[in-house]
Amino acid sequence: MGVSTSSPEKGISVVTVDFPPVNALPVRGWFELAGAVRAAGRDADVRCVVLAAEGRGFNAGVDIKEIQAQGGPALAGASEGCAEAFAAVYECEVPVVAEVHGFCLGGGIGLVGNADAIVASDDATFGLPELDRGALGAATHLARLVPQHLMRALYYTSRTATAAELHAHGSVWQVVPRGDLRAAALELAREIAAKDGRLIRLAKAAINGIDPVDVRRSYRFEQAFTFEASLSGVGDRVRDTFGKEGAQVGDHG
């Protein structure tokens, strides 16, 4: 349980998240993930990082129960931890391929929205249930996956989009059966890792440098409204409904 790193092939590092039952990460989990991704990117022998997960789904966001139990400190910790994990993916010195299966919710959108490429299984779904959880955030990253008006509709309704729908919008590189997911992710990572190591790092820095949106600043701006919602009491009031009416998988995010 936690975050682990493996090297299945030369030039490729796989960072795997495993927080049962649904990969709803506690505060420490986000910082642990950030550290693992940054360490992999600093490794001179690595030319591509694959971000993967064990269990039922890729990521169900933050651990709402931890926030309910600990209040403000956990909310602040989750906000800072998510910001660091999202930034670690974006700022990783080499390209990051997100390997997504099952649900990708809340903070999961922050991770894949900042990745360089996404390979998904045909059962993968993507969404931001933030408004149902008394929070805001990661619209910055959802806007990197779908067009503006679709992003707004998905955000306001807390609905999800399928991997096939994101593939149609060009944000998912490939959709494959669940059993073929790792092979497909490694195939793309292998093609990237075949490039010159120094040149691929320069390419990552160059592409980030022409990005029209400062994703770290944009996300932190959004998070200010999460704290405003919390201070006004509406955030806690909505969040306290979590798990009380037959919680679904997405309720953890």
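# Briefing on a predicted 253-residue chain

Of the 253 residues of the protein chain, 54% count as buried, where buried means under 20% relative accessible area, exposed means over 50%, and partly exposed lies in between (1.4 Å probe, protein chains only). This is a predicted model, in which local features need pLDDT of at least 70, side-chain atom pairs count only at pLDDT 80 or more, and totals for chains, interfaces and linings use all residues. Residues are numbered from 1 along each chain as its sequence is written, and side-chain values use heavy atoms, with hydrogens and water left out.

**Overall build**

- The protein chain holds 11 helices and 9 strands; helices (H or I, at least four residues) and strands (E, at least two) are DSSP runs, numbered from the N terminus.
- The radius of gyration of the protein chain is 17 Å, close to the 18 Å that the globule rule gives for 253 residues, so the chain is as compact as a globular protein of that length. The radius is taken over C-alpha atoms, and the globule rule is 2.2 Å times the number of residues to the power 0.38.
- Along the principal axes, the C-alpha atoms of the protein chain fill a box of roughly 55 × 35 × 35 Å.
- Contact means heavy atoms within 4.5 Å. Among contacts in the protein chain between residues at least 6 apart in sequence, 74% join residues at least 24 apart.
- The protein chain exposes about 11,300 Å², and carbon and sulfur atoms supply 55% of that area. Accessible areas come from the Shrake-Rupley method with a 1.4 Å probe; for residues, only the protein chains shown count as cover.

- An open sheet of 6 strands runs in the order 1-2-3-4-6-9, with mixed pairing; two strands pair if DSSP finds at least two bridges between them.
- Its edge strands are strand 1 (2–9) and strand 9 (174–176), each of which pairs on one side only.
- From one strand to the next, the twist averages 20 degrees. Axes are lines fitted to C-alpha atoms, for helices over the stretch in contact, and angles run from 0 to 180 degrees between N-to-C directions.
- Strand 3 (residues 48–53) pairs with strand 4 (residues 96–100) in the parallel sense over 3 bridges, and Val49 stands opposite Val96 in strand 4.
- Strand 4 and strand 6 are also joined in the parallel sense, over 4 bridges, with Ala98 opposite Ile118 in strand 6.
- Strand 6 pairs with strand 9 in the parallel sense over 3 bridges; the bridge partner of Val119 in strand 9 is Gln174.
- In strand 6 (residues 117–121), 5 of the 5 residues are buried, so this strand is largely enclosed by the rest of the structure. Both faces are covered, with Ala117, Val119 and Ser121 buried on one side and Ile118 and Ala120 on the other.

**Thr5 in strand 1**

- Thr5 is found in strand 1 and counts as partly exposed at 47% relative accessibility.
- Leaving aside neighbours within four places in sequence, Thr5 is in contact with Ser13, Val14, Val15 and Ala36.
- The C-alpha atoms of Thr5 and Ala138 are separated by 25 Å, the two residues being 133 residues apart along the chain.

- Strand 5 and strand 7 (residues 125–127) pair in the parallel sense over 3 bridges, and Cys104 stands opposite Phe126 in strand 7.

**Asn59**

- Asn59 is found in the loop between strand 3 and helix 2 (64–70) and counts as buried at 1% relative accessibility.
- A polar atom of the Asn59 side chain lies 3.1 Å from the backbone nitrogen of Gly108.
- Not counting residues up to four places away in sequence, Asn59 touches residues including Trp30, Phe103, Cys104, Leu105, Gly107, Gly108 and Leu111.

Key
Polar contact = N/O pair within 3.5 Å; in protein donor to acceptor, adjacent residues only side chain to side chain.
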